[in-house]
Amino acid sequence: MFDDNHNNQFDGEFNEVEPEDNSPESRDPKKGNGMGKVFVTALVAGLLGGGISVGGYVYYQNHNSQAQDKIENSKGTTQTSNVRVNVGTQASKAFKKIKGAVVSVEAYSNSSSDSDTLEDLFGDSSSSETSTSEGSGVIYKKDGNTAFVVTNNHVISGANKVEVLLSSGKKVKASVVGHDSVSDLAVLKIDASNVKQVATFGNSDNISVGETVLAIGSPLGSEYATSLTQGIISAKKRTIDVTDSNGTSTGQATVIQTDAAINPGNSGGPLINLAGQVIGINSMKLSSTGSSISSASTSVEGMGFAIPSNEVVSIINQLVQNGKVVRPALGISLVDLDYVSEADRSKTLNLPSKVTSGVVVMKVNSSSPLKKTDISKYDVIVSLGGKKVSGLSSLRTELYSHKVGDTVEIQYYHKGELKKANVKLTLESNDKNTSTASNSGN
């Protein structure tokens, strides 16, 4: 018998006992247990069947949802169009007319090897060529076996070797025909056998403010050779002060202002009109105002400058014919009046208080054409050739507008008195008598 207190645990031997109840339900315990098994099995099967039914329904729902999503997502597919756009704009046509004539210019200089190398220890020191500058240029003429390239002087200045990278990717040696630091122009010549295209010059006097222009060159070097940017002419004639690599004023220049993107490496490249003609040589850009250490310095965008083509043609023709540009010189040492204190203006120069600008003569060289006048130390020049002289830059600009042999009128203050003198410009400028600083010879 089962002991209810032991929850179906045996407490002794199992003895089979006849059932006292003769009811059909109790006659066959095995059948009763069998029905229990059947019932449990049926219950489990029922639950399993229900599970299959519910699972099948969920699967059907998920599958149907995914199918619907797939149909919806398929509506987001697309494809490329077979329609071809005609991009033959005037800018593209202009670029094609000149792109083969635009080159990269690479300048090299010698650099000595380190003094600690084995070669130096054994007396075999050597020097190597190092790339010192990269700019742009444009081939403007081909004559027989020679082709001529115009670029900026500052691109090749100080170099003992120059190479030109053609638009085809071929690099050729170049020699310097002539260069001019005042106009910042230089002419190179190369072998013409690989030259397929040359540029033509347009008349820079015929351009208009607002006219579309294109700048071509190698911004940041030959890696980006023949890059094209587009802009407009912002100003037809803009007079700006020009400085050399040391920041010293070398005069003033009248240039074309453009907002076409010009970056380092574009120097010497062409600024062209929509006819594909060169109307200027890109030379400089204004990137900020004031000193780099000044808190008042302002970043500037879209202010590039190009040397007008009419001046370019005049300069490069002289460089080709003479190897240099012939300009007059005064043969004197000068300093801007701005650098002189109020006390010295009155006491030393004897200037009237109304005179606030000009240049002070510090020395008259023996070869100076001013030797035939009474202009001397501490005199103040205020006019040359009928144009006001406000400083060294304006003096150079006016002086260089004349030729050697011309006679010009100079107005100056001598011991406080305004005087005039006619001076024949007999002296030709060179590196020794041409001013590169505010207190050097001019």
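Reader: When do two strands pair, in the sense used for β11 and β14?

Author: Two strands pair if DSSP finds at least two bridges between them. In this predicted model, β11 and β14 meet that condition in the antiparallel sense. The number of bridges over which β11 and β14 pair is five.

Reader: Which residue of β14 is the bridge partner of K285?

Author: Strand β11 covers residues 278-285, and β14 covers residues 304-308. Across this pairing, the bridge partner of K285 in β14 is G304.

Reader: How many residues of β14 are buried?

Author: A residue counts as buried under 20% relative accessible area. Strand β14 is mostly covered. Of its five residues, the number that are buried is five.

Reader: Is S283 buried or exposed?

Author: S283 is found in strand β11. Its relative accessibility is 6%, and the limit for a buried residue is under 20%. S283 therefore counts as buried.

Reader: With which side chain does the side chain of S283 make a polar contact?

Author: Beyond its neighbours within four places in sequence, S283 is in contact with several residues, including N152, H154, S267 and F305. D184 also belongs to these contacts of S283. At 3.1 Å, the side chain of S283 makes a polar contact with the side chain of D184.

Reader: Where does S218 lie, and is S218 buried or exposed?

Author: S218 lies in the loop between β7 and β8. Because its relative accessibility is 2%, S218 counts as buried.

Reader: With which side chain does the side chain of S218 make a polar contact?

Author: Leaving aside neighbours within four places in sequence, the contacts of S218 include V103, S104, G135, Y224 and P264. At 2.5 Å, the side chain of S218 makes a polar contact with the side chain of S104.

Reader: Which element gives the most to the lining of the second largest pocket?

Author: The second largest pocket has a volume of about 860 Å³. Of the 34 residues that line this pocket, the closest to its centre are E311, I315, R327, Y400 and S401. Strands β8, β9, β11 and β14 and helix α6 each supply at least two lining residues. With seven residues, the element that gives the most is β9.

Reader: How many residues of the lining of the second largest pocket are charged?

Author: The lining residues of this pocket include 14 nonpolar and 13 polar ones. The number that are charged is seven.

Reader: What share of the protein chain do buried residues make up?

Author: The secondary structure of the chain comes to eight helices and 22 strands. Among its 442 residues, the share that is buried is 36%.

Terms used. Residues numbered from 1 in each chain as written. Predicted model: local features only at pLDDT ≥ 70, side-chain atom pairs only at ≥ 80, totals over all residues. Heavy atoms only, no water. Helix = DSSP H or I, 4+ residues; strand = E, 2+ residues; numbered from the N terminus. Buried < 20%, exposed > 50% of the residue type's maximum accessible area, 1.4 Å probe, protein only. Polar contact = N/O pair within 3.5 Å; in protein donor to acceptor, adjacent residues only side chain to side chain. Contact = heavy atoms within 4.5 Å. 1 Å grid on protein atoms, 1.4 Å probe; cavity = no way out; pocket = protein on both sides within 12 Å on 5 of 7 lines; lining within 4 Å. Points joined across faces, edges and corners; volume = space filled by probe spheres on them. Nonpolar A, V, L, I, M, F, W, Y, C, P; charged D, E, K, R; others polar.
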